[in-house]
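Q: Here is the model to go through. Please take it from whichever contact you like.
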Amino acid sequence: MFEKVQIAPPDPILALTVLFKADPNPDKINLSVGVYQDATGKTPVLETVKEAEKRILEQENSKGYLPMTGEPVYCAQVQELLFGEGNEIITSKRAATAQCPRGTGALRVAGDYLNKLHPDAKIWLSNPTWANHNTIFEAAGVTCEKYAYRDAKTNGLDFDAMCASIKTIPAGDVILLHGCCHNPTGIDPTPEQWAIIGDLLVEQGVTPLVDFAYQGLADGLEEDRAGLLELLKKVKQLFICSSFSKNFGLYRERTGALTVVADSAEQASTVMSQVKLRIRYNYSNPPSHGGQIVATVLSDKALKAQWYEEVAGIRNRINEMRHLFVDTLKAKGVDQDFSFIIDQRGMFSFSGLTKDQVLQLRDKYSIYIVDSGRINVAGMTPDNMDRLCDAIKSVL
Ligand code: LMR
């Protein structure tokens with residue numbers, strides 16, 4: 001059985017954390033995996049999460065299975081956060097949500113759904129995109145294509161090229177759009193551009209799948225749904241894969257959701273009946289703990305308000321690091337212009353560092369960055385900034 005098996009290639013993101021942990025250098029810096037670190041370099045458990053866990057520990061009275069689509073209170077909270085309280089999509093029940101193990105699980109379920117119900121549909125991914133998008137959809141048997149996104153000259157969005165790409169997508173295909181805080185570039189369309197994208201998708205007959213893993217990390221929990229809402233003014237049917245890994249810090253609790261928005265309540269529930277089967281054949285029903293935490297916090301007015309503050313703290317710290325990074329490089333006399341990093345949003349930026357420079361940073365300075373040059377800004381701290389910028393200066 002196993003004699004001829006060859007060693008698998010390392011994961012381009014997660015393997016770096018393994019290397020980082022094994023590195024004995026006390027000054028090592030991890031800017032690879034998208035995990036938030038506070039100013040002391042720790043990945044904290046939010047206060048609201050701690051409080052919710054206390055309540056769950058006291059009140060939980062069963063470890064029986066959740067339904068295949070998870071906890072209904074959680075699913076309702078997911079919709080409220082995505083669309084806003086009282087949104088017509090919620091009141092008309094045009095949306096159906098399944099609790100999934102993180103956004104990754106939601107993406108895989110969506111992939112299985114597409115492969116089963118629309119076997120000819122391809123999925124179009126931004127160039128570049130999260131390193132795991134391709135592999136998830138390919139594993140589900142869905143063919144991946146690329147659409148233009150980043151302008152390498154300006155480090156901004158090449159919106160004309162993106163629109164030109166969309167115009168080539170055949171009817172019946174699916175396009176994956178990042179709801180906000182594009183991973184890996186940190187470059188997002190403006191609300192006006194989202195509206196244009198919506199019009200183009202309607203013209204082309206292309207269905208969006210919105211990967212929404214960073215709500216709250218760009219401008220605010222409510223502000224960050226602006227693009228999605230613009231899209232929904234144009235498009236009646238779409239998929240949303242959302243996650244609470246980043247905005248609740250629930251990384252290891254695998255807390256996400258797949259939401260389907262359809263023409264009518266009846267259509268949404270028909271589609272969800274098919275989604276349910278993909279869940280059953282995959283992992284049967286989702287894990288509970290993270291969903292209970294989210295539902296507990298979001299169902300309690302005071303805890304919810306406190307959580308908004310905690311998310312603002314995460315967002316503000318990341319934005320401060322964006323400024324400090326650019327200023328420190330400038331102060332150290334680095335000529336190359338990194339000011340675009342200030343305009344980018346969320347955890348990541350595409351630094352423009354080459355693979356060779358990234359490898360030098362790893363080998364000589366124990367600074368861990370994904371080969372593509374994507375940096376996790378949330379791994380920068382006031383304490384590691386000087387060392388980081390000195391090292392970058394030396395490899396440029
Ligand atoms: C990332 O992009 O680093 C995160 O989404 C974590 C992961 O699983 O890759």
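Q: Which residues of H14 meet which residues of H15?
A: On the H14 side they are Gln357, Gln360, Leu361 and Tyr365, and they meet Arg387, Ala391, Ile392, Ser394 and Val395 in H15, where contact means heavy atoms within 4.5 Å. That set divides into five nonpolar, three polar and one charged residue (Ala, Val, Leu, Ile, Met, Phe, Trp, Tyr, Cys and Pro are nonpolar; Asp, Glu, Lys and Arg are charged; the others, Gly among them, are polar). This is a predicted model, in which local features need pLDDT of at least 70 and side-chain atom pairs pLDDT 80 or more, while totals for chains, interfaces and linings use all residues. Residues are numbered from 1 along each chain as its sequence is written, and side-chain values use heavy atoms, without hydrogens and water.

Q: And at what angle do H14 and H15 cross?
A: The axes of H14 (residues 355–365) and H15 (residues 385–395) cross at roughly 125° and come within 10 Å, with axes fitted to C-alpha atoms over the stretch in contact and angles running from 0 to 180 degrees between N-to-C directions. The two helices are therefore oblique to each other (under 35 degrees is roughly parallel, over 145 roughly antiparallel, 65 to 115 roughly perpendicular, the rest oblique). Helices (at least four residues) and strands (at least two) are DSSP runs numbered from the N terminus.

Q: What about H2 and H11, at what angle do they cross?
A: For H2 (residues 47–59) and H11 (residues 289–298) the crossing is at roughly 105°, with the axes coming within 9 Å, and that makes H2 roughly perpendicular to H11. H2 contributes Thr48, Val49, Ala52, Glu53, Arg55 and Ile56 to the contact, and H11 contributes His289, Gln292, Ile293, Thr296 and Val297. By class, this contact has five nonpolar, four polar and two charged residues.

Q: Changing topic, which residues surround the ligand?
A: The ligand is surrounded by Ile13, Val33, Gly34, Arg102, Trp130, Asn183, Tyr214, Lys246, Phe348 and Arg374, a residue being near if one of its heavy atoms lies within 4 Å.

Q: How far are the polar side-chain atoms of Arg102 from the ligand's oxygen atoms?
A: A polar side-chain atom of Arg102 lies 2.9 Å from an oxygen atom of the ligand. For Arg374 the corresponding distance is 2.8 Å, and for Lys246 it is 3.2 Å; a pair of N or O atoms within 3.5 Å is a polar contact.

Q: Asn183 was in that list, so what kind of peptide bond joins Asn183 and Pro184?
A: Asn183 and Pro184 are joined by a cis peptide bond, with omega of about 25°, and Pro184 belongs to the loop between strand E7 (174–178) and helix H8 (191–204). Cys181 lies in the loop between E7 and H8 too, and has a positive phi of about 55° although it is not a glycine. Most residues other than glycine have a negative phi, and most peptide bonds are trans. A cis bond with omega of about 5° also joins Asn127 and Pro128, with Pro128 in the loop between strand E3 (123–127) and helix H6 (133–139).

Q: Last one: where is Lys236, in which loop?
A: Lys236 sits in the loop between helix H9 (226–234) and strand E9 (238–243). Leaving aside neighbours within four places in sequence, Lys236 is in contact with Arg94, Val261, Ala262 and Asp263. The C-alpha atoms of Lys236 and Thr207, 29 residues apart along the chain, are separated by 9.1 Å.

Methods
Polar contact = N/O pair within 3.5 Å; in protein donor to acceptor, adjacent residues only side chain to side chain.
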